[in-house]
Structure formats: structure tokens, C-alpha cells
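Here is a short report for a first look at this structure. Keep the sequence and the model in view while reading.

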Amino acid sequence: LQGWTIPKLGTLQVWVLWLLGNAERRISPLCLLRGSDLAHLDALRAQARGVNPRKCRVLVKGFSDLKFLMEWMVARVKEKGTWVDRPTEAEVMAMYRSISDFLVVRGDGRRRNEETRRDGQMKWNTTAKNLRSKIRRERRRQPVQERPVQREVRAV
């Protein structure tokens, strides 16, 4: 467990791990984790490297990004009315397909090949980064009186 890292997978694959885990590899659903579960692993890494533990929060930060993306996806699935409690793998895939159009951030003019990416190909951390940028851009476009009071969800 000491060498564990957050998987660098596509958004679809990490969605499946978030909700179902992987019984074959004895991985529990990632939604059961908390940032505090990973803080001790960051502390062990820092100790092994001789670094201040407060400056080495790679897993906690990565998990925060993952949790942000997954909670956003769950909220969109619920808005669409396709959420299923205790889903099967087929239901998890159907929930993902119901919101997959929301996950590809297009039209910002920064990348030439963004239209050519296949659905689910983008890594989850890139999807989370693009989503955060999209949310920030949309907030800046709104007049101050129309902006929502609720702040962006950040897990620690």
C-alpha cells in the first residue's frame, strides 16, 4: 500500500473504479476513500525523501481533483435522471454515456486536435482540469448579481 498512487486512467475507467472498484484486483470502490486516508501515505513518502510532510501532498491533492470530478459527474447524472443506486457495470456505463457530452470541453480554441479525441480517451486529471477552467470562464461571464453563492466543491 505504501507505493499506491491514484490511477492515471481515462475518465470512463476511473468512473467505473469510483463506483464499482475492481473485484478481480481486490480494489474497493474509490468513492469509499477520504483524503485523510491518503494523508499518511503522503507523510510516509515525505519522510522517506526527507521532505516536510506539509509540502508533499501529492495523493491528497490528486484525490481532491478526482473527488471534484466524480462528484460533478454524479450531480450531472442525477440531474439527467439516470442515476442508479448500487449499479451494475452496464448501468455504470449507461450513466457515463448519459453525461459524456458534458465532459468534453470544446470550443476554447486552444487545441487543434480536441475534436478528434474519442469519447473516454482523455485522462481523468485532464478532464478535471478542463472542467475547472470551464467553470471559472463561465463564472467570469456572469454578471455579479447572477453568480451563484455556492463555491466550487473542494475535497481535502
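## Salt bridges

The structure holds four salt bridges. A salt bridge here is a side-chain nitrogen of Lys or Arg within 4 Å of a carboxyl oxygen of Asp or Glu. This is a predicted model: local features need pLDDT of at least 70, side-chain atom pairs count only at pLDDT 80 or more, and totals for chains, interfaces and linings use all residues. Residues are numbered from 1 along each chain as its sequence is written, and side-chain values use heavy atoms, with hydrogens and water left out.

| Pair | N to O separation |
|---|---|
| Asp65 and Lys61 | 2.8 Å |
| Arg132 and Asp65 | 3.3 Å |
| Glu71 and Lys67 | 3.8 Å |

Start with Asp65. Its place is in helix α3. Helices (H or I, at least four residues) and strands (E, at least two) are DSSP runs, numbered from the N terminus. Lys61 lies in α3 too, four residues from Asp65, about one turn of the helix. An α-helix has 3.6 residues a turn, so residues three or four places apart point the same way.

Is Asp65 buried or exposed? Asp65 counts as buried, at 17% relative accessibility. Buried means under 20% relative accessible area, exposed over 50%, and partly exposed in between (1.4 Å probe, protein chains only). Lys61 is partly exposed, at 40%.

Asp65 also pairs with Arg132 in a salt bridge. Arg132 lies in helix α5 (residues 124–141) and Asp65 in α3, so this pair ties together parts that are 67 residues apart in sequence. Arg132 is buried, with a relative accessible area of 6%.

Not counting residues up to four places away in sequence, Asp65 touches Trp124, Ala128 and Arg132. Contact means heavy atoms within 4.5 Å.

Glu71 and Lys67 form another pair. They are four residues apart in α3, about one helical turn. Both ends are partly exposed: Glu71 has a relative accessible area of 33%, and Lys67 has 24%.

Gly81 follows α3, with a positive phi near 80°.

The largest nonpolar core has 30 residues. Such a core is a set of buried Ala, Val, Leu, Ile, Met, Phe, Trp, Tyr and Cys residues joined through side-chain atoms within 4.5 Å. Trp15, Trp18, Leu66, Leu69, Met70 and Met73 touch the most other members. Helices α1, α2, α3, α4 (89–103) and α5 each supply at least two residues of this core. The largest share, ten residues, comes from α3.

Met70 is in contact with Val14, Trp15 and Trp18, leaving aside neighbours within four places in sequence.

## Helix α1

Eight of the nine residues of α1 are buried, so this helix is largely enclosed by the rest of the structure. Among the buried ones are Thr11, Leu12, Val16 and Leu19. What covers them? The cover of the buried residues includes α3, α4 and α5. After α1 comes Gly21, whose phi is positive, near 75°.

## The whole chain

The chain has five helices and zero strands. Of its 156 residues, 36% count as buried. Among contacts between residues at least 6 apart in sequence, 62% join residues at least 24 apart. The accessible surface comes to about 10700 Å², with 49% of it belonging to carbon and sulfur atoms. These areas come from the Shrake-Rupley method with a 1.4 Å probe; for residues, only the protein chains shown count as cover.

Now the confidence. pLDDT is the predictor's confidence in each residue, from 0 to 100. The chain averages 79, and 73% of the residues score at least 70. Among the elements, helix α1 (residues 11–19) has the highest mean pLDDT (94) and helix α2 (residues 35–49) the lowest (72). Where pLDDT is low, the predicted coordinates should not be read in detail.
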